[in-house]
Amino acid sequence: MLDLVSLNLAGLDFTTLPQQLVNGFLLGAIYALVALGYTMVYGVLKLINFAHGEVFMLGSYGAMFASWMLGFGPGGSAVAGSWVTLLLMLLMAMLVSGASGFVIERFAYRPIRNHPRIASLITAIGLSLLLQYGGQAFLLEGKKQAITSKVNPFADDFVFTPKKADASLIAEAAKVQPEVDAAQRAFDEQKKLETSIYDLSPEGDRLNKVLAAAIAKRDDLKNRADTSAVTIRLPKGKLIMLTTTIMLMIGLWYLVMKTRMGRAMRAVSVDFNASSLMGINLNTVISFTFILGSVLAGAGAMMYSTFQSAPIDPFSGTAPGVKAFVAAVLGGIGNIPGAVVGALLMGVAENLVTWAGYSSYRDAIAFVILIAVLLFKPGGLLGSNKVEKV
């Protein structure tokens, strides 16, 4: 087993590693937007909102229906999108997810807020299943849909080349080319004397082998030169995605750290009952927390569906939701910077598994990380070491 692993690692293409790290970082930024919803709700209510992945799914549908209304649906007349199109889709996804988060808190969690915590946990799981299977009846009968790539006017890439191709290999390949040309001319002359290229004479067969050897030598040098270069492609759409994510996180930091509502949220997360005695309206703070986390998930859903071309169906929020939850646990659930760090690590880990040639296990890495964190650091990388029963 160890030999097989060593053999596969020896075959890794390290020139593609920088690109995979960049891809992982971009994917992690999306997970971070979703993980923030888990961690904020847990920080305020000590509740794991397992329906958050379905809020993400509803945001994807919001973005898709917005694109349809703008003429990008099946049979639509629109031919190319613009930044205005993307902005409208983003706003619709955030609106749908934010409204979903408010409704879920108001009608599912608030009535049982003072019940034992296990009741909230069971309600969250039931609500998640209800949205998934109920969605099959109301959201296009469970058919997979996708946002058309026509809405994205930023499909081309920025290309960076940190390391150029080996010049000595390129020069060697150029030196071999005259040898290939000479062998080709000699074989072409010999072919005039042959009855068929499938039944060559001894001399024709020798010249054919000389030509094949020269071509193989040249191509080997070219391939080695190509693989010696390190190139990073950054799609413009994903660059917009990363910029938007960073702006949303800065806005979240300002809201939580600098505003009256942010201070109320932090107070409630520290002491729920004392905050109420100090005059903080708990219902308002909790509803705002749900809406805020859901709005961020909606933004992530729009960008995930549009720039990652992810298919959309009633179950499409499950995998991103689970991975974002694991990211929140990895960073320390209830800790906002921890959720971001955990999400970035999740995205990078997932892409490294794919890079290593085990793409079929890319979803399993989330559970491996979750088990490892629970075993060795249950409080998460930036979280508290205090162990709580949920």
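The radius of gyration of the protein chain is 28 Å, whereas a compact globule of 390 residues would have one near 21 Å. These values come from a predicted model. Along its principal axes, the C-alpha trace spans about 100 × 55 × 35 Å. The chain contains 14 helices and two strands. Of its 390 residues, 44% count as buried.

Salt bridges were examined next. The count comes to twelve. One of them joins the side chains of D156 and K236, with an N to O distance of 2.9 Å. This pair links distant parts of the chain, 80 residues apart. D156 sits in the loop between α5 and β1, and K236 belongs to helix α8.

A second bridge pairs E350 with R362 at 2.6 Å, N to O. E350 lies in helix α13, while R362 lies in the loop between α13 and α14, twelve residues apart. E350 is buried, because its relative accessible area is 1%, under the 20% cut-off. R362 is partly exposed at 30%. Both residues also belong to a network of salt bridges with K323 and D363.

K192 and E189 form another bridge, their closest N and O atoms being 3.3 Å apart. K192 counts as exposed, with 63% relative accessibility.

K258, R260, R263 and R266 form a positive patch. Helix α9, residues 260–270, gives the most to this patch, with three residues. R263 lies in that helix and is partly exposed, with a relative accessible area of 46%.

Note on methods: Residues are numbered from 1 along each chain as its sequence is written. This is a predicted model: local features need pLDDT of at least 70, side-chain atom pairs count only at pLDDT 80 or more; totals for chains, interfaces and linings use all residues. Side-chain values use heavy atoms; hydrogens and water are left out. Patches are made of residues with over 30% relative accessible area and no salt bridge: like charges are joined within 9 Å, nonpolar side chains (Val, Leu, Ile, Met, Phe, Trp, Tyr) within 5 Å. Accessible areas come from the Shrake-Rupley method with a 1.4 Å probe; for residues, only the protein chains shown count as cover. A salt bridge is a side-chain nitrogen of Lys or Arg within 4 Å of a carboxyl oxygen of Asp or Glu. Lys and Arg count as positive and Asp and Glu as negative; His and the chain ends are not counted. The place of a charge is taken as NZ of Lys, CZ of Arg, CG of Asp or CD of Glu. Helices (H or I, at least four residues) and strands (E, at least two) are DSSP runs, numbered from the N terminus. Buried means under 20% relative accessible area, exposed over 50%, partly exposed in between (1.4 Å probe, protein chains only). The radius of gyration is taken over C-alpha atoms; the globule rule is 2.2 Å times the number of residues to the power 0.38.
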